[in-house]
Amino acid sequence: EMDRTDAWSRSLLMLVSPTGTGYVNYVAVAAAQYLTRGDVATVTLQYSKRPSPLSLTKVKDAGAQNRLLWLQILERVRRMAPERRPRVVVFGESLGAHTSQAPFVGWGTLGPEALGIDRALWIGTPAGSKWRLELEDTDRLDVDTDTVAIVNDYEQYLALGQERRHSVRYVLLSHDNDGVTKFSAHLLVQRPPWLGP
């Protein structure tokens, strides 16, 4: 399909993992199309057709599916002449954020780099994302904290300062009032740090 649509000639390839129902946020896609003046190809592969809470059992398979697809894309991009290679970015929202982070589990920030991901934006990453937990582990040697920003909103991103923003490659937009980013099974037995004293 990417050959048929000549996706390889675009300056930007946007890899998207949809939500459980297969939904892709049309505003994110439209924004990318607008900002690149249409010089973007959006690639997604559905892994489920059920609501996200019923698709949680598909996260592992979706992660493997994304990894295989993205490796094929990376291989093709690397065979292209350097001056013709598109930039590759990732977008995921809610369960789509979870399933698009799954290919990087165990690799920290080296994962996206190894797969040739230039930038990524995740909105509402579920608390159960193992990769997100890796990013929050300050003792991991495979996590470059300068390349990651976990923010509540755009104003918080701007408050990072120009120098810090310049080094950020992966943004996790996690609203403070979004239950998806907070609730996980460990809450049954452990008081969360965000609850306060």
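Predicted model: local features only at pLDDT ≥ 70, side-chain atom pairs only at ≥ 80, totals over all residues.

Biologist: Okay, which residues are buried in helix H1?

Modeller: Ala28, Val29 and Ala32, in a helix that spans residues 26–35. Buried means under 20% relative accessible area, exposed over 50% and partly exposed in between, with a 1.4 Å probe and protein chains only. Helices (H or I, at least four residues) and strands (E, at least two) are DSSP runs numbered from the N terminus.

Biologist: Why are they on the same side of H1?

Modeller: Because they cover an arc of only 100 degrees around the axis. That arc is taken from the directions from the helix axis to the C-beta atoms.

Biologist: And what's on the face turned away from the buried side?

Modeller: Tyr26 and Tyr34, which are exposed.

Biologist: What covers the buried residues of H1?

Modeller: Among others, strands E1 (12–17), E2 (40–44) and E3 (87–93). Contact here is heavy atoms within 4.5 Å.

Biologist: Switching to strands: which way do the residues of E6 point?

Modeller: In E6 (residues 170–173), Tyr170 and Leu172 point one way, Val171 and Leu173 the other, and all are buried.

Biologist: How many bridges join E5 to E6?

Modeller: Four, with E5 (residues 148–151) running parallel to E6; Ile150 has Leu172 as its bridge partner. E4 (residues 119–123) also pairs with E6 in the parallel sense over four bridges, and Leu121 stands opposite Val171 there. Strands pair if DSSP finds at least two bridges between them.

Biologist: Now the rings. How many aromatic pairs are there?

Modeller: Five in the whole structure. Rings of Phe, Tyr and Trp (its six-membered ring) pair if their centres lie within 6.5 Å; planes under 30 degrees apart are stacked, over 60 edge-to-face, the rest tilted. Trp70 and Phe104 are a tilted pair, 6.1 Å centre to centre with 35 degrees between the planes. Trp70 is in helix H2 (residues 59–79) and Phe104 in the loop between H3 (95–101) and H4 (110–114), so the pair ties together parts 34 residues apart in sequence.

Biologist: Are those two buried or exposed?

Modeller: Trp70 and Phe104 are both buried. Phe104 also makes an edge-to-face pair with Trp122, at 6.3 Å and 70 degrees.

Biologist: Which residues make up the aromatic cluster?

Modeller: Trp70, Phe104, Trp122 and Trp131 form one cluster.

Conventions:
Residues numbered from 1 in each chain as written. Heavy atoms only, no water.
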